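Colleague: I am new to this one. Could you take me through it by question and answer?

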Amino acid sequence: MGSGQVTQRLDWNGKRVTVAGLGVSGIPAARVLHGLGARVTVVDDGDDERSRAQAAALEAEGVTVRLGDGATLPSGTELIVTAPGWRPDKPLFAAAAEAGVEVWGDVELAWRLRGPGAAPWLAVTGTNGKTTTVRMLASILEAAGLRTAAVGNIGVSLLDAVLGDEEYDVLAVELSSYQLHWAPSVRVHSAAVLNLAPDHLDWHGSMEAYAADKGRIYEGNQVACVYNVADEATEDLVRAADVEEGCRAIGFTLGTPGPSEVGVVEGLLVDRAFVENRRENAQELAEVADVQPPAPHNIANALAAAALARAFGVDAKAVRDGLKAFRPDPHRIELVEEVGGVTYVDDSKATNTHAAEASLAAYDPIVWIAGGLAKGATFDELVQKSAKRLRGAVLIGADRALIREALARHAPEVPVVDLDRTDTGAMSEAVREAARLARPGDTVLLAPACASMDMFTNYNKRGEAFADAVRALAATGDA
């Protein structure tokens, strides 16, 4: 089992720290820093009723808050701690660079605040699959009898995990590209980049910058850099990383693994990386059937989680037990119901084309419910790859025309229902139309390839609307 590196702890007493952004990371960071004796000023662009209430609560505790002006650097600032969503091109950061002021994110702050003997981190990033993989990893670590938690972008906050009373042996950490951008000194035990596809390019500025931020997760790795054999860009990031002496590159693949890889052989997940004589030997870890749901991209998630656990010294039995115990979060390839011989699957979490492609690859034939906010995405490649699987498509949301046009170009024979409405009731009509197109044995799949905010509060609400519509369909027998 590995040990965590602990950076030198700073003297916070009287240090002037500006926290950029109220919200889920900014408010806890401000409270922690104030508790350490720092002189904290929170800045935020907002000045609405909610912001004013949050500001009042912080000011009552002795924190200074400046609303409606997140652009100006407060006088005397020695450090900025930013919410991960704040874009690097904001004027505040240009002013910080000019003044020679460092900028950290909440992840960097948590890393710097770890105490002696702190739990090492096993970290995961990627365009899609991060949350599932981290939760699988935590389940495996728990099955091995280790004190652990899924933290970072999910579950317990990193600051709580680092500063709380609970003691951990190891942490399973989900890190977004935003968080990694603002985490210059984080150096983890082992890390995985699951995949790379265009996403958040408006924030990062380019695919190269996005990939570079993802690749930061490998910097200083101690034992293993886990990459996706099917995604060459992830291996390129390993090659570019500056790691500790002896750290190994470990691939995961849905095919037969080579030495220093984990993969699949005849329905089994197998390890040829963490065994003696890996050129000739392999260790069975689990059965494909132990992974739920056993869709290809979810098997890949399981292999990445298994590789990180094995890098930490976990035995094969714990890998199997952890994967068998794991259940995915709602709205991630979730079976809702079977109605009239047609299976209805909710993958509302597929908010970009890369996630939707993985979801569409898991079923055949499919009536596809798609659409929403495209966030600058194009759909030609997705439709080209998935066309042969499509029985039909039902399109909803603000940017559905982009998908309709891609279908017309690359799958003109596929019947398309274009619902010209963006109210929340559109989902019920979409499910009825999908049921009309489907035949027994088909899958009606909600994999929108788009964000949800044109019609719903978030992807969870979209998935719930789909599930409610399916259950209503089942109750009426109208299928």
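**Rings and helix packing**

Modeller: In this predicted model, ring pairs link W86, F93 and W182 into a cluster.

Colleague: How many aromatic pairs does the structure hold?

Modeller: One of them is formed by F93 and W182. Another is formed by W111 and W121. In total, the structure holds 4 aromatic pairs.

Colleague: Is the pair of F93 and W182 stacked, tilted or edge-to-face?

Modeller: The two ring centres are 4.7 Å apart, and the planes stand at 45°. Planes under 30 degrees apart count as stacked and those over 60 as edge-to-face, with the rest as tilted. The pair of F93 and W182 is therefore tilted.

Colleague: How many residues apart are F93 and W182, and where do they lie?

Modeller: Both F93 and W182 are buried. F93 belongs to helix α3 (residues 91-99), while W182 is in the loop between α7 (177-181) and β9 (190-193). The pair links distant parts of the chain, 89 residues apart.

Colleague: What kind of pair do W111 and W121 form?

Modeller: W111 is in helix α4 (residues 106-112) and W121 in strand β6 (residues 121-125), so the pair ties together parts 10 residues apart in sequence. The ring centres are 4.8 Å apart. The planes are at 80°, so the pair is edge-to-face.

Colleague: Are W111 and W121 buried or exposed?

Modeller: Buried means under 20% relative accessible area. W111 has 2%, and W121 has 1%. Both values are under that cut-off, so W111 and W121 are buried.

Colleague: Which residue lies over the face of W111?

Modeller: The distance from the ring centre of W111 is 3.4 Å. For W111, the residue is R114.

Colleague: How are helices α5 and α11 oriented to each other?

Modeller: Helix α5 (residues 130-143) and helix α11 (residues 296-311) have axes 8 Å apart, at an angle of about 45°. Their crossing is right-handed. The contact includes T132 and M136 of α5 and N298 and L308 of α11. At that angle, α5 and α11 are therefore oblique.

Colleague: Is I140 buried or exposed?

Modeller: I140 is in helix α5. Not counting residues up to four places away in sequence, I140 touches A305, A306, A309, V314, A318, V319, G322 and L323. With a relative accessible area of 0%, I140 is buried.

Colleague: How far apart in space are I140 and W121?

Modeller: In sequence, I140 and W121 are 19 residues apart. Taken C-alpha to C-alpha, the distance in space is 15 Å.

Colleague: Which residues is S176 in contact with, leaving aside its neighbours within four places in sequence?

Modeller: S176 is found in the loop between β8 (171-174) and α7. At 11% relative accessibility, S176 counts as buried. The residues in contact with S176 are T125, K130, N153 and K214.

Colleague: Is the crossing of α16 and α17 left-handed or right-handed?

Modeller: The axes of helix α16 (residues 426-437) and helix α17 (residues 459-476) come within 9 Å and cross at roughly 55°. The two helices are therefore oblique to each other. Among the residues that make the contact are V431 of α16 and F466 of α17. The crossing is right-handed.

How values were computed. Residues numbered from 1 in each chain as written. Predicted model: local features only at pLDDT ≥ 70, side-chain atom pairs only at ≥ 80, totals over all residues. Heavy atoms only, no water. Phe/Tyr/Trp six-rings, centres within 6.5 Å; stacked < 30°, edge-to-face > 60°. Helix = DSSP H or I, 4+ residues; strand = E, 2+ residues; numbered from the N terminus. Buried < 20%, exposed > 50% of the residue type's maximum accessible area, 1.4 Å probe, protein only. Lys NZ or Arg CZ within 6 Å of the ring centre and 35° of its normal. Axes fitted to C-alpha atoms, helices over the stretch in contact; angles between N-to-C directions. Parallel < 35°, antiparallel > 145°, perpendicular 65-115°, else oblique. Left-handed = near helix turned anticlockwise from the far one by under 90°. Contact = heavy atoms within 4.5 Å.
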